Amino acid sequence: MGFRCEIRLSGAGGQGLLLAGKIIAEAAAIYDGKLATQAQSYGPEARGGASKSEVVISDEDIDYPVATHLDLLLAMTQESVDAYVGDVRNGGIVLVDSGLVDSVPQGSYRVVSLPISQTAIDEVGKGVTANLVAVGIITGLLDVVKAAAIESAIRARVPRGTEDSNLKAFRSGLAMAKSLSTESTGE
Amino acid sequence: MRDPFLILEEETESLANHVQRQLHAARTYKDALIGKLERRGLAGDVHLWQPSPDPAAEMDVVASVGDTLEERLQFLGCYFCLQFLRMNLACIDSLRLNLISPLDRSAVERQFMEQAGVNFRKLSGSYMKKLLDVFLEGQEAPAYVIIGVGTKADQDDIDVGVIDDGGSGRQRLNDAVGLMSREMLRYATTLHFHISEHVGPKGFSAAIAEYLEMLNKAVHDFVIISEMLNGALIFGDETIFREFRTQVVSRYYHRPGKDPKWHVGYLRGILGEVRSLIGRPLGRECIHPKDDGLRMLKGILSALKTTHGVEEVNAWRIIDGLQMKTPWNRELYARLSKALSFLEVFRYVYQLVVAQEEEIFLDDEAMQQNLDQVAEILGYRHVGTVRPGMHLLVDYYQHIQNVRKDVDTLSSEATDHLKETTVFADMFDPDYPGNVAEDFARRSAFFRGTTFWRDILEMLTLDEGRLLKRYLEDLDSLSPTARERIVESIAACAEFAPGTVMAFLVILAGNASCEGCGALFTELHAAFRAKIRTVPYAALKVIELFYRRPQLVNRYLLNVGADSARDLSELLAAEVWDPEVALWRDKLARLVDVHGRTSRYFKRFLERVGEGYPSCLTVLEDQAALRDTSRGVLAAVDAEDDPDSKKKRLGDFYDLEFFRMGLATLNGAPASQIDSEFTEAADTYLANLFEVCRRQVDETTRFRVATHDLLAIYATGGLGREQAYDDDFDLMMLLNTSHEEVRSYANRIAAKMNAEIIKRGTLPHYRFADHFGHYVTTLDELVGFLSIEREDAFVDKSQLLEARMIVGTQGFEREFRTRVIEPFVFNMSDDYVSRMRDEIESRHKDARERGRPADNVKDGTGGMRDILMLLLMYKALCRLWEPVNSRLLSSLAAVDRQHRSELVFLSGALEFFKNLRNAYRMAVGAEDHLRPEYLHIVASAMGLDYDDEEEAGNRLLLAYRGCTTQVAEIVAEAAGRLVQSGAECTTD
């Protein structure tokens, strides 16, 4: 039986989560030889400030594009953790921006709380690249899509002249995830 | 001959990075495809390097040369990519050519966008159809239709709906659509299935019956309905599509005689969205054509097409249709059509050559260059120092402004339509047989989640609130449980439309005298406060509401207590991501803060300014902007035609200035500054008011009475002393003639001024009016009055000594001083100072005997009055004419060197008292007795911050009491000295 990895990126409008979802899906499907779908919130909730993008990656045909048992939930606001943490499967990951999310309800999942937005500001000088810092962390945590594929997808998605800063954001996130893995190994 | 792929690669360098995906696929599979086509002798049947006239037919050929399914898919993907790149390159070339010197830019833009849509739909539709054919080959599947529900030319993603006939083999269709979606993501673009995701079983497609089942229950997802209303057939079974339009879509159109709930429900959803978008602030670091203008424009078009029965799905054609149906809006629609063309073509070209993103950040040079590139394609050129991108942005904001204004106008028309067609219309009838409260709650359940209720709110206030009264009567007749349920259901609207609940609360508060309003206000407000805490993104919703309707938020805050203000403050403490929203969050937080720490006295002005000039509520921190507004209003007085409008404007000027200075006071501005500004504003107001009232009297009498050197207005009391924020204006209207006609004339002016000043909430007191029985006093009357010896004459003399001319001539001033001040005050100064000393002693003794705490900042022992009385004694003895304030004390200190330190101390004390009094008046109340429990707020306003609130209040009280003790001693000693030895008035 093949694998199916479900990711939900959630937060507020303007945090670049739709772009992040597209990048992960395109990286998997175009540059990494996997199958992927990407869906995003369109309904009234999206117009009320919330933003949600879902990516399903698999090595088999995907018959239903909506994520229901999340392997990873990225939450960039407190509201999005509260709304979606219940959809995370046992042993899944809840990744939150420590600067924007105060608390994560307890559950049988791993909580990773990192200063995503602050890293974007500190490392790149642009808060708007927080979405790509998050993509870097997700890439490192899940190890489902190759980093090189993600970089190709980023290059193909961002405006000309901004590739370096966006890649820098991604690599900062990737390094954060790797340092977490190292810490875990160290334990 | 050069490799055509290399040429293609070079040419696509002008396109955005995302075409790398298509280049990657083409590069990978082109050689195999060409090889197979040539081997089969089919190379001449397929256009690989030029745009194809018939991509569907050529895809059949391409698919036929693949030996395996995988190869067929790779060849189809490769062919699509090559055609896609060629199509876009041709597109840009064509646009450049047509926009070099267009006669009608908008027409070119529209034509271009429509053609781009046709081209892309033709190519992508053919590809999707071919893929489905491949995946369904030889398999039984239900009949189906694929509809496009988004913008036809959009290449970023394709929004589609899949409708089937519900027959057998559905899973196979679903699998095939899934595979088609996979291939589209690889080679073309992402497919989004928003409609299907929400309807029917888990999968990509749904049947008409499933749509009906889902949409019969609720109407909250106006996004789905908009997509259905604007759905266009891409390919598939036309019968299903027709059935879909007849059975599902047509219900959302206005159909007289049929149940309007679907139509009304859709309007409540989409109009709420449109109003919300109009109310969103424009970004400072980026532009967003969709959110800034396009989405609201398409939203209102979608709403109005259902209202007027326009069946078109293309936005320009909807506009054409609406122009025909509502010819009175022809110009407005023409403007919207131009804006639509501009915004669509700009967004399209940006996505084609820069990035497939909606947000366009302009915060660095690379992005500015990208914008220039887009602008040049759109025909903009460098002009002098101005780059093409800047020219484009100027047009961008002009169109955005037009869209926001025109959409606002159209949404008002849609509101009128809603009032006529609403499912609640029968309840507006006074003879409605049911229970309005109960029936409204029941029927409105269908509309849960929609956000537009303006029509109902407006109806509630019509006919002196007839509907509201009926609603309350019917609500009162229900059981407590039923009533509670209804109140909860109204409060639940806060989840989607907090503004609607706030507006209802404001209506209830505004009808406090009506039976039941107060009770419902209390219950609903409690439920609302509880609900809003649980609403996701409540802060964002309230901030947007404030941006859109600051007046409503201000009205709400005026009607609720400090607890609610605190609730809002806590809500606003939540993290806000968007810097623009954060900016508005801070503005709202300032308003909430001002509500939370100001007196009713100040709130009178907050209310009036909020009603008349709501934009001022958004710049509370900006004294310069507030001053600009008040100056603008003052300048507009002359432009008004009739006296009443002039007086209204003048009143507004006074209110705005008071409001501005109040805010400055709360932010710690010193009394010396506030007194000076207040005096200038009040003098300007009174002098202008006199002129307007005089002209008004002149018009009624049809002649003007000459008053040169005969009439003057003096301010006495606080305003005479140039002291801010007194409860009243003490005025003297003096005449230097006893001519009855002049007196009558002046009295009529005074009466008109009086009526106007009262509206500002400040009582005018005309000194000596009570004695003589009319507003105006002649100098002869005054001389006669002062010639009679009276015990309390020093009171009147003090008023005269404080008098400061506001209207009048130097000649009058000389006359006043010569006939009144010199003989009755200066020449009788010994008697005056003696009586003043007695009064001071008597007041101190009285306070001691009564044991009153000296916590009255004005009249308490050692308070302001002590110092002011001492100053009046100096004035009388030294024959001075300056206003009684700290400046005079400083001048005296320079002269009376022997008592310099005492006078300097009194000067500082007077400033301290004034600072305290000003802050107290703005923060606590317009009273002079200080309440210790509120002094921490005053301390904060005075900038005396301590960690502990209680300590701040106590310290301020101690400082005040310490100061009054010293003042009392100094004043008592000095008053005695002045009586004994006179004053040192000049330096030797």
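## The nonpolar core

In this predicted model, the largest nonpolar core has 373 residues. Which residues have the most contacts inside this core? They are Val374(B) and Val938(B).

Setting aside neighbours within four places in sequence, Val938(B) is in contact with Leu916(B), Ala919(B), Tyr920(B), Ala923(B), Val924(B) and Leu956(B).

## The domains of chain B

Chain B is divided into four stretches: domain 1 (1–98), domain 2 (599–667), domain 3 (670–827) and domain 4 (832–981). The centres of domain 3 and domain 4 of chain B, taken over C-alpha atoms, are separated by 27 Å.

Where these two domains of chain B touch, 20 residues of domain 3 are in contact with 19 residues of domain 4. On the domain 3 side, the elements giving two or more residues are helix H29 (671–701), helix H34 (793–802) and helix H35 (810–826) of chain B. H34(B) supplies the largest share of that side, five residues. By residue type, the domain 3 side divides into nine nonpolar, four polar and seven charged residues.

## Where chain A meets chain B

Now for the contact between the chains: how many residues does each chain bring to it? Chain A brings 39 residues and chain B brings 42 residues.

Several elements of chain A give two or more residues to the side that touches chain B: helix H1 (17–31), strand E2, helix H2 (44–47), helix H3 (78–84) and helix H6 (147–157). The residues on this side of chain A divide into 20 nonpolar, 10 polar and nine charged.

## The sheet of chain A

Chain A holds an open sheet of six strands, in the order E2-E3-E1-E4-E5-E6, with mixed pairing.

One pair to look at is strand E4 (residues 70–75) and strand E5 (residues 88–97) of chain A, which run parallel and are joined by five bridges. For Leu73(A), the bridge partner in E5(A) is Val94(A).

How values were computed:
Residues numbered from 1 in each chain as written. Chains lettered and ligands numbered in written order. Predicted model: local features only at pLDDT ≥ 70, side-chain atom pairs only at ≥ 80, totals over all residues. Pairing = 2+ DSSP bridges. Helix = DSSP H or I, 4+ residues; strand = E, 2+ residues; numbered from the N terminus. Contact = placed C-beta atoms within 7 Å. Nonpolar A, V, L, I, M, F, W, Y, C, P; charged D, E, K, R; others polar. Domains from an automatic or database assignment. Core = buried A, V, L, I, M, F, W, Y, C linked by C-beta atoms within 7 Å. Buried ≥ 20, exposed ≤ 12 C-beta atoms within 10 Å, placed from the backbone.
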